[in-house]
Amino acid sequence: MITLTLLHPVQSTPVQSWSFEQDPAIRIGRAVDNHVVLYSAVVSRYHVEVRLTDNQWEVVNLGTNGTYLGLAEKV
């Protein structure tokens, strides 16, 4: 299982979160056929994909705007 959380850009407080239990790949972007749809001009239509590879999550940038990550591990 993986949970993705969108944080407010200034206050770093959670705005929205999504949980996925069995998806081997999660697509994020502006296009409506993504698993996570973000309505922002700085997000590409197909921006990033999070893939489960060999029991590890891998982040693959798909867009031209670049992708910034903040990773947190729940203990």
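This is a short tour of a predicted model, one selection at a time.

**Start with confidence.** Colour the chain by pLDDT. The protein averages 88, and 93% of the residues score at least 70. Among the strands, look at β1 (residues 2–7), with a mean of 90. Then look at β4 (residues 36–37), where confidence is highest, at 97.

**Select the open sheet.** Show β4, β3, β5 and β6. These four strands form an open sheet in the order β4-β3-β5-β6, and the pairing is mixed. Which strands lie at the edges? They are β4 and β6, and each pairs on one side only.

**Select β5, residues 48–53.** Strand β5 covers this stretch. Turn to the β3 side. Strand β3 (residues 25–29) runs antiparallel to β5, and four bridges join the two. Now turn to the β6 side. Strand β6 (residues 56–61) is also antiparallel to β5, with six bridges between them. Pick out two of the facing pairs. V50 stands opposite V59 in β6. T53 has Q56 as its bridge partner in β6.

β5 and β6 form a hairpin, with two residues between them. Click on D54 in the turn: its phi is positive, about 50 degrees.

**Stop at E49.** E49 is in β5. Is E49 buried or exposed? E49 counts as buried because its relative accessibility is 13%, and the cut-off for buried is under 20%. Now show side chains. Those of E49 and R51 are joined by a polar contact of 2.4 Å. Leaving aside neighbours within four places, the contacts are A25, I26, R27, E58, V59, V60 and L62.

**Finish in the core.** Select I2, L4, W18, F20, I26, I28, V36, L38, V43, V48 and V50. Together these 11 residues make up the largest nonpolar core. Strands β1, β2 (14–20), β3 and β5 each supply at least two of the core residues. Look at V48 and V50 in this core. Then think of E49, in strand β5. In a regular strand, side chains alternate between the two faces of the sheet.

What does F20 contact, leaving aside its neighbours within four places in sequence? The list is M1, I2, L4, I26, H35 and V36.

Conventions: Residues numbered from 1 in each chain as written. Predicted model: local features only at pLDDT ≥ 70, side-chain atom pairs only at ≥ 80, totals over all residues. Heavy atoms only, no water. Buried < 20%, exposed > 50% of the residue type's maximum accessible area, 1.4 Å probe, protein only. Polar contact = N/O pair within 3.5 Å; in protein donor to acceptor, adjacent residues only side chain to side chain. Contact = heavy atoms within 4.5 Å. Pairing = 2+ DSSP bridges. pLDDT = per-residue confidence, 0-100. Core = buried A, V, L, I, M, F, W, Y, C linked by side-chain atoms within 4.5 Å.
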